[in-house]
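Biologist: Please show me the protein, so that its architecture can be discussed element by element.

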Amino acid sequence: MTALYASEPQRIAKWSTAIAGITTMAAAALTPYPAALALDLDGQGDLITDTIANQDRRQVWDDAGKHGALPVSEIDRGFAQPEGIRLGNFVLFPSVSETAVYDDNIFARPSDIEPDFKFITQAALVLQSRLPRHVLDATITGRLINYAENTDQDYADYGALVRGALQIDHAHTLSAAVNTSLDYEERGAATAPLAASEPIPIHRNRLSVGLTRDAGRLYGTLSATAETLDYSDVRALDGSLLDQDNRDQTIYAGQLRTGYRFSPGFELVSKARIVRNLNEIDDAADADRHSTGYEGLVGVAFEQGALVSWRLMGGWGHREFDSALYPSVDSSLLDAEVRWLATERLTIYGNASRALVDEVGATDNGRVDTTLGARAEFEIRHDLVANLRAEYIASDFTGSNRTDDTIELGAELDWYMHKNWLFSIGYVYEDRDSTDDNFDYSRNQVRIGGKLKF
């Protein structure tokens with residue numbers, strides 16, 4: 001049975017990466033616009049953590065493709081992959097897309113609901129290296145958001161990511177990544193101030209470095225990340241200037257991820273993290289929300305039979321504020337994932353997590369998010385793939401009595417017309433029930449879009 005898969009080291013690494021990547025892509029695809037802010041909660045900062053030894057091991061053990069035991073997202077669709085533009089040892093992949101979205105509650109509010117059409121124009125340049133040993137990749141994206149009626153809510157954002165990996169020897173990889181972006185926190189976001197009259201610009205910069213050793217049974221990655229978040233001031237509903245400087249953050253994090261391979265089907269995994277968060281409040285030095293945090297999780301990753309894979313991790317997290325004005329925060333932590341290859345054309349995912357989120361909102365000092373989710377991807381035809389997802393998020397905001405219960409349901413259909421064209425239609429339902437009635441809302445979003453790839 002285990003011959004269907006890569007060895008546990010490679011299978012777990014490949015599966016964990018796929019879960020994270022697929023979840024991210026699904027969220028971006030099913031939601032008309034992504035969240036304004038995505039903190040580096042996992043501490044990896046887009047780092048490349050593969051080694052030559054790990055690549056060699058996959059060539060020996062990874063029989064999954066030969067036997068067809070692959071998730072729908074990893075099935076070969078070479079006919080739908082663009083050729084790119086060859087530039088020596090690099091390949092450039094340009095793309096442009098246009099998406100039309102109908103949102104029946106664009107401000108995500110409980111009353112005075114405002115529906116509107118929104119048009120999303122996005123362009124991207126992806127540069128992938130084809131070097132014989134090392135890696136140097138880059139991605140540049142830009143996006144225009146235009147509303148049909150509420151044009152005062154229009155904005156343009158961008159992002160750039162450069163990441164590389166120096167494979168020192170067979171067992172060691174030194175990696176680094178630099179990310180800069182301009183994001184926007186839209187009105188109605190869970191952390192947005194209710195008084196804001198327009199989306200809030202957020203300038204983000206992140207630098208990550210890491211060293212990975214992966215050869216034999218014991219492996220690990222030691223990494224560090226520095227991240228800055230700069231919130232720009234915006235106009236309030238009454239026309240005054242809404243100061244957002246008290247939400248600016250500088251976050252330093254260090255993390256050690258380790259694992260021990262007992263057998264090709266069973267692995268012990270752990271993660272330890274330390275976080276230093278600097279958040280100054282200009283009008284009162286003793287009210288600054290500087291904090292230090294610690295997190296630790298340990299668990300197992302294993303196969304249940306040949307077609308079901310699990311990762312179960314649990315632990316504890318702590319945040320201690322420098323100022324006595326803010327009580328410390330303690331919480332249990334959870335990171336659980338399961339993947340079931342139900343049939344050759346149906347893959348089902350499940351996840352459960354509990355995490356401390358250091359993102360500062362307009363009226364809180366961060367939050368604890370408990371998430372339960374499920375997703376299914378079904379290959380109707382080789383060029384037609386359907387995705388369904390459901391997610392429940394319970395948010396407990398620290399420094400506030402507010403708690404939110406959010407439900408999101410989504411469906412999407414992707415048509416891989418050929419190597420240059422991808423068409424999608426999707427639907428998302430969202431409902432948030434908050435102890436602060438001002439943050440309650442429900443809405444429906446329908447979108448249709450096309451992407452041209454080269």
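Biologist: How many helices and strands does the secondary structure of the protein come to?
Modeller: The model is predicted, and the local features discussed here need a pLDDT of at least 70. Among contacts between residues at least 6 apart in sequence, 61% join residues at least 24 apart. The secondary structure comes to three helices and 21 strands.

Biologist: What share of the residues in the protein is buried?
Modeller: The accessible surface of the protein is about 20800 Å², and 60% of that area belongs to carbon and sulfur atoms. A residue counts as buried under 20% relative accessible area. Of the 454 residues, the buried share is 47%.

Biologist: Is Val 178 buried, partly exposed or exposed?
Modeller: Val 178 is found in strand β6, which covers residues 172–185. Together with Leu 131, Leu 136, Val 162, Leu 207 and Val 209, Val 178 makes a nonpolar surface patch of about 460 Å². Because its relative accessible area is 45%, Val 178 is classed as partly exposed.

Biologist: Is Ala 192 buried or exposed?
Modeller: Ala 192 lies in the loop between β6 and β7. Leaving aside residues up to four places away in sequence, Ala 192 touches Glu 185, Glu 186, Ala 362 and Phe 439. With a relative accessible area of 5%, Ala 192 is therefore buried.

Biologist: How far apart in space are Ala 192 and Gly 361, C-alpha to C-alpha?
Modeller: In sequence, Ala 192 and Gly 361 are 169 residues apart. Ala 362 is among the residues that Ala 192 touches. The distance in space between Ala 192 and Gly 361, C-alpha to C-alpha, is 6.5 Å.

Biologist: Which residue in the hairpin of β13 and β14 takes a positive phi?
Modeller: Strand β13 (residues 291–304) and strand β14 (residues 308–321) pair in the antiparallel sense over 14 bridges. Within this pairing, Ala 301 stands opposite Arg 311 in β14. The hairpin has three residues between the strands, and the positive phi, near 75°, belongs to Gly 305.

Biologist: Over how many bridges do β14 and β15 pair?
Modeller: Strand β15 spans residues 329–343 and pairs with β14 in the antiparallel sense. Ser 309 stands opposite Arg 339 in β15. The number of bridges between β14 and β15 is 12.

Biologist: How far apart are the closest N and O atoms of Arg 143 and Asp 157?
Modeller: Arg 143 forms a salt bridge with Asp 157. The closest N and O atoms are apart by 2.7 Å.

Biologist: Which parts of the chain does the pair of Glu 185 and Arg 247 tie together?
Modeller: The side chains of Glu 185 and Arg 247 meet in a salt bridge at 2.9 Å, N to O. Because the partners are 62 residues apart in sequence, the pair ties together strand β6 and the loop between β10 and β11.

Biologist: Are Arg 389 and Glu 408 buried or exposed?
Modeller: The side chains of Arg 389 and Glu 408 meet in a salt bridge at 3.4 Å, N to O. Arg 389 lies in strand β18 and Glu 408 in strand β19, so the pair ties together parts that are 19 residues apart in sequence. Both Arg 389 and Glu 408 are buried.

Biologist: Which residues are linked with Arg 273 in a network of salt bridges?
Modeller: The count of salt bridges in the model comes to 24. The residues linked with Arg 273 in a network are Glu 295, Arg 319 and Asp 358.

Terms used. Residues are numbered from 1 along each chain as its sequence is written. This is a predicted model: local features need pLDDT of at least 70, side-chain atom pairs count only at pLDDT 80 or more; totals for chains, interfaces and linings use all residues. Side-chain values use heavy atoms; hydrogens and water are left out. Patches are made of residues with over 30% relative accessible area and no salt bridge: like charges are joined within 9 Å, nonpolar side chains (Val, Leu, Ile, Met, Phe, Trp, Tyr) within 5 Å. Accessible areas come from the Shrake-Rupley method with a 1.4 Å probe; for residues, only the protein chains shown count as cover. A salt bridge is a side-chain nitrogen of Lys or Arg within 4 Å of a carboxyl oxygen of Asp or Glu. Helices (H or I, at least four residues) and strands (E, at least two) are DSSP runs, numbered from the N terminus. Buried means under 20% relative accessible area, exposed over 50%, partly exposed in between (1.4 Å probe, protein chains only). Contact means heavy atoms within 4.5 Å. Two strands pair if DSSP finds at least two bridges between them.
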